[in-house]
Amino acid sequence: METRIYDVSRMDEAALAHIAEAAEVIRRGGLVAFPTETVYGLGADAFNEKAVAAIYEAKGRPSDNPLICHIARASDLGQLTPRLSEEIVKLADNFWPGPLTMVLEKKPAVPDRTTGGLSTVAVRMPDHPAALELIRRADCPIAAPSANLSGRPSPTTGRHVIADLNGRVDVILTAEDCRVGIESTVLDLSGERPLVLRPGILTPEMLGVCLSRPVEFDPGVVAQTCVHAEDLEKEGFLPGQVDAPKSPGMKYKHYAPKAEMIVLEGQKDRVREEAERLARVNEALGRRVGILFFEEQAFVEAAHDFFARLRDMDEAGVDLILAAALSDKDQVGFAVMNRMLKSAGYHIVSVK
Ligand code: TXA
Ligand code: MG
């Protein structure tokens, strides 16, 4: 298929015309990749089952992994969920448009295809003018996963999207690089306690302040993000027993660079020495080595750069990525570590 690629970063008249054209594609059941503040999304009409099926096809994504429905006005929530609580309204007021996805009870009209057969629906209002214009013009909620091929690092630049999806979708809208760099925080409000199913730049602490009650990580997410086995036991997990996370998307192999990747954890100077030693040994064997270190405490910057750095290393033909673990005591550090450990297939080396 021929993909039309338009730069809409300036939001001028030409860009608005391209967005209108893309919205028409959505209305007719086609696929449009578009920028958001977190990562690029691959969108289709959330109420059109065939169009949603085409998303899975284009991405090569397992079809039980539910999609997020993107809206442009909080009043559109009523199309997706039957009941609005005070808490939902408060969160929408405080954090939308922005990198917060709420998991809510679903209306029967939302197709099972969109929600992977769940009784809940995930909803978010992205903070990006091109995304909001596209949704308004399409006049329907847009179901969109990240615009990467399944298993690849999430796309944070137009170039990444073109590399993965050119020829597989109808339209790609490109703009400036994504501001946040990791996907939205997924907050489950369908149960008794609000639980974060996917960590992001909006932290449980910030959400808890808004709701005036504690918000915690889903235990499955904590288990997935633990660097130390001892921490897992402290969280009440038996060795070897890790609960399946509630968010179906969290169970798949994710974000994987082409290179082998190892996360080194321990005291900072020792980690650096060990990375240099491993780099020397591997380079002597003819392997190309990439080092992935972030400034200490610069968690927001790490989130911004993480996926792009993985893709850069793939492009440079790196065979082995040596990454230094960030502190997971910081909630944004934790969000980056959640992705880093998955990218490395949980290959962690503790440096003594
Ligand atoms: O920032 C983002 O959220 C980006 C941009 C494009 O908005 N989207 C994104 O979508 O990351 P995706 O499909 O890659 O991730 C959606 C996540 C998955 O982990 C999925 O399992 C979870 O949200 N999810 C969706 N619907 C859910 C539901 N009803 N219950 C629990 N988890 C759900
Ligand atoms: Mg994704």
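## The area between two domains

About 720 Å² of area is buried between domain 1 and domain 2, and carbon and sulfur atoms account for 47% of this area. Buried area here is the accessible area (1.4 Å probe) that two parts lose on being put together, summed over both. Pro153, Arg159 and His160 supply 56% of the area that domain 1 buries against domain 2, more than any other three residues.

The model is predicted: local features need pLDDT of at least 70, side-chain atom pairs count only at pLDDT 80 or more, and totals for chains, interfaces and linings use all residues. Residues are numbered from 1 along each chain as its sequence is written, chains are lettered from A and ligands numbered from 1 in the order in which they are written, and side-chain values use heavy atoms, with hydrogens and water left out.

## Domains and their contacts

Domain 1 covers 4-174 and domain 2 covers 260-351 in the domain assignment of the protein chain; such bounds come from an automatic or database domain assignment. The centres of the two domains, taken over C-alpha atoms, lie 30 Å apart. Nine residues of domain 1 are in contact with seven residues of domain 2, where contact means heavy atoms within 4.5 Å.

Three salt bridges are found across the interface of domain 1 and domain 2. A salt bridge is a side-chain nitrogen of Lys or Arg within 4 Å of a carboxyl oxygen of Asp or Glu. Between the two domains, four residue pairs (both at pLDDT 80 or more) are in polar contact. The side of domain 1 that touches domain 2 has two nonpolar, four polar and three charged residues. In this classification Ala, Val, Leu, Ile, Met, Phe, Trp, Tyr, Cys and Pro count as nonpolar, Asp, Glu, Lys and Arg as charged, and the others, Gly among them, as polar. A polar contact is a pair of N or O atoms within 3.5 Å; within protein, one must be able to donate a hydrogen and the other to accept it, and residues adjacent in sequence count only if both atoms are side-chain atoms.

Aspartate 164 and arginine 311 form a salt bridge, with 2.9 Å between the closest N and O atoms.

## Helix α5

Helix α5 spans residues 129-138, and seven of its 10 residues are buried. Helices (H or I, at least four residues) and strands (E, at least two) are DSSP runs, numbered from the N terminus. Buried means under 20% relative accessible area, exposed over 50%, and partly exposed in between (1.4 Å probe, protein chains only).

The buried residues of α5 are Ala130, Ala131, Leu132, Glu133, Leu134, Ile135 and Ala138. Their cover includes α1 (13-27), β2 (32-34), β4 (68-70), β7 (142-144) and β8 (171-174). After α5 comes aspartate 139, with a positive phi near 65°.

Alanine 15 is part of helix α1 and is buried, at a relative accessible area of 1%. Leaving aside neighbours within four places in sequence, alanine 15 is in contact with Asp7 and Val8. Asparagine 282 sits in helix α10 (residues 268-284) and is also buried, with a relative accessible area of 10%. Not counting residues up to four places away in sequence, asparagine 282 touches Arg287, Val289 and Leu320.

Aspartate 330 is in the loop between β14 (320-324) and α12 (331-343). This aspartate counts as partly exposed because its relative accessibility is 27%. A polar atom of the side chain of aspartate 330 lies 2.8 Å from the backbone nitrogen of glycine 333.
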